[in-house]
Amino acid sequence: MPSNWHSGTLCLLIETNQGLVLVDTGPGQDDYVHRPGIIRAFQVLTVVPLDPQEAAVRQVVRLGYEPEDVRHIVLTHMHFDHCGGLPDFPHATVHVHRREYEAFTGRPRRWTDLAYVRRHVAHRPELVLYDHTGERWLDATAIRLPFEPEMWLVPLFGHTRGHCGIAIQTEPGWLFHVGDAAPMDLGEYVPEWVVSFVLGPHAPRLREFRAAHPNVRMTTGHMWLDFFGDGVK
Ligand SMILES: [Zn+2]
């Protein structure tokens with residue numbers, strides 16, 4: 001990536017019947033101070049935003065909430081840039097696919113496993129691990145999460161062994177956050193082999209999904225910073 005491309009991680013904060021649910025945490029406050037080696041490697045390639053004010057916990061506070069108000073965290077996957085903020089919400093219950101947690105805690109098997117940083121769960125959060133249930137959300141295999149409004153974990157394995165998208169019922173309609181299973185714009189401008197090497201095999205399928213469900217808003221885990229507006233520099 002050219003070094004003038006700034007990137008960030010998309011985190012979503014949702015008010016539910018169980019309190020606030022955060023979908024992915026982005027890097028945590030401590031990551032800005034003690035940068036994991038993998039972040040330093042990324043910095044060679046791209047400008048990683050490293051202003052601690054961008055940590056999800058700081059943004060939650062700026063919205064007028066307490067960190068303890070975030071009762072649950074749902075993870076697309078456990079790479080450092082998606083779950084590094086777990087220690088900032090030590091009271092939150094963490095919801096993740098069982099295969100992802102096993103990949104995180106197991107031996108590295110492919111190069112993307114190097115983006116797991118074990119200390120992100122050193123505080124031993126309460127975990128809820130999910131398995132295949134045979135349910136479906138729209139036409140996708142999915143697992144219902146225990147929240148209202150409705151939220152679903154949608155397995156999109158490939159980028160990591162247990163990577164999932166998250167479907168969220170919002171007032172204007174469904175929002176489908178596909179995490180790192182596709183690049184922004186679902187890879188229309190990125191060579192297919194690069195997409196499948198880094199992000200897994202789902203981009204073509206997700207493009208079909210978007211064509212079949214034009215009313216579902218889709219978003220990915222990494223956007224260029226201008227997407228976020230004024231909140232992030
Ligand atoms: Zn990732």
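**Why these names? A tour by definition**

Modeller: Strand 2 and strand 3 (residues 19–23) run antiparallel and pair over five bridges. This is a predicted model, where local features need pLDDT of at least 70, side-chain atom pairs count only at pLDDT 80 or more, and totals for chains, interfaces and linings use all residues. Residues are numbered from 1 along each chain as its sequence is written, and side-chain values use heavy atoms, leaving out hydrogens and water.

Biologist: What makes strand 2 and strand 3 a pair?

Modeller: Pairing requires that DSSP finds at least two bridges between two strands. Here there are five, so the pair qualifies. In one of these strands, strand 3, G19 is the bridge partner of T16. Two residues form the hairpin that joins strand 2 to strand 3.

Biologist: Why is residues 12–16 called a strand?

Modeller: Strands are DSSP runs of type E with at least two residues, while helices are H or I runs of at least four; both are numbered from the N terminus. Strand 2 covers residues 12–16, so it passes that length cut-off.

Biologist: Which residues of strand 2 are on the covered face, and which on the uncovered one?

Modeller: L12, I14 and T16 are on the covered face. L13 and E15 are on the uncovered one. In a regular strand the side chains alternate between the two faces of the sheet.

Biologist: How do you know which residues are donors of the zinc ion?

Modeller: By distance. Donors are N, O and S atoms within 2.8 Å of the metal (3.2 Å for Na, K and Ca); water is not among the atoms, so sites may look incomplete. H77 (NE2), H79 (ND1), H159 (NE2) and D180 (OD) lie 2.1 to 2.4 Å from the zinc ion, so they count as its protein donors. Their spacing in sequence is H-x1-H-x79-H-x20-D.

Biologist: Why is the arrangement around the zinc ion called irregular?

Modeller: The four donor atoms subtend angles of 89 to 175°. Tetrahedral needs all angles between 85 and 135 degrees; square planar (four donors) and octahedral (six) need opposite donors over 155 degrees apart and all others between 65 and 115; anything else is irregular.

Biologist: Are H77 and H79 buried or exposed?

Modeller: Both are buried. The word means under 20% relative accessible area; exposed means over 50%, and partly exposed is in between (1.4 Å probe, protein chains only).

Biologist: What makes D30 and R119 a salt bridge?

Modeller: A salt bridge is a side-chain nitrogen of Lys or Arg within 4 Å of a carboxyl oxygen of Asp or Glu. The closest N and O atoms of D30 and R119 are 3.1 Å apart, so the pair counts. D30 lies in helix 1 (residues 29–33) and R119 in the loop between helix 5 (98–105) and strand 6 (127–130), so the bridge ties together parts 89 residues apart in sequence.

Biologist: What links D30, D31 and R119?

Modeller: A network of salt bridges. D31 and R119 have their closest N and O atoms 3.3 Å apart.

Biologist: How do you know that D31 is buried?

Modeller: Its relative accessible area is 1%. D30, at 36%, is partly exposed, and R119 is partly exposed at 34%.

Biologist: How many salt bridges does the structure hold?

Modeller: Five. Among them is R98 with D131, whose closest N and O atoms are 2.9 Å apart. R98 lies in helix 5 and D131 in the loop between strand 6 and strand 7 (136–137), so this pair ties together parts 33 residues apart in sequence.

Biologist: What makes W111, L114, W193 and F197 a nonpolar patch?

Modeller: Patch residues have over 30% relative accessible area and no salt bridge; nonpolar side chains (Val, Leu, Ile, Met, Phe, Trp, Tyr) are joined within 5 Å, like charges within 9 Å. F197 has 48%, so it clears the area cut-off. F197 is in helix 6 (residues 192–199). Together the four have about 530 Å² of accessible area, found by the Shrake-Rupley method with a 1.4 Å probe; for residues, only the protein chains shown count as cover.

Biologist: What is the phi of D24?

Modeller: Positive, about 65°, although D24 is not a glycine. Most residues other than glycine have a negative phi, and most peptide bonds are trans. D24 is buried, at 0%. L138, also not a glycine, has a positive phi of about 50°.

Biologist: Which residues does the cis peptide bond join?

Modeller: E148 and P149, with omega about 0°. P149 sits in the loop between strand 9 (143–145) and strand 10 (151–155).
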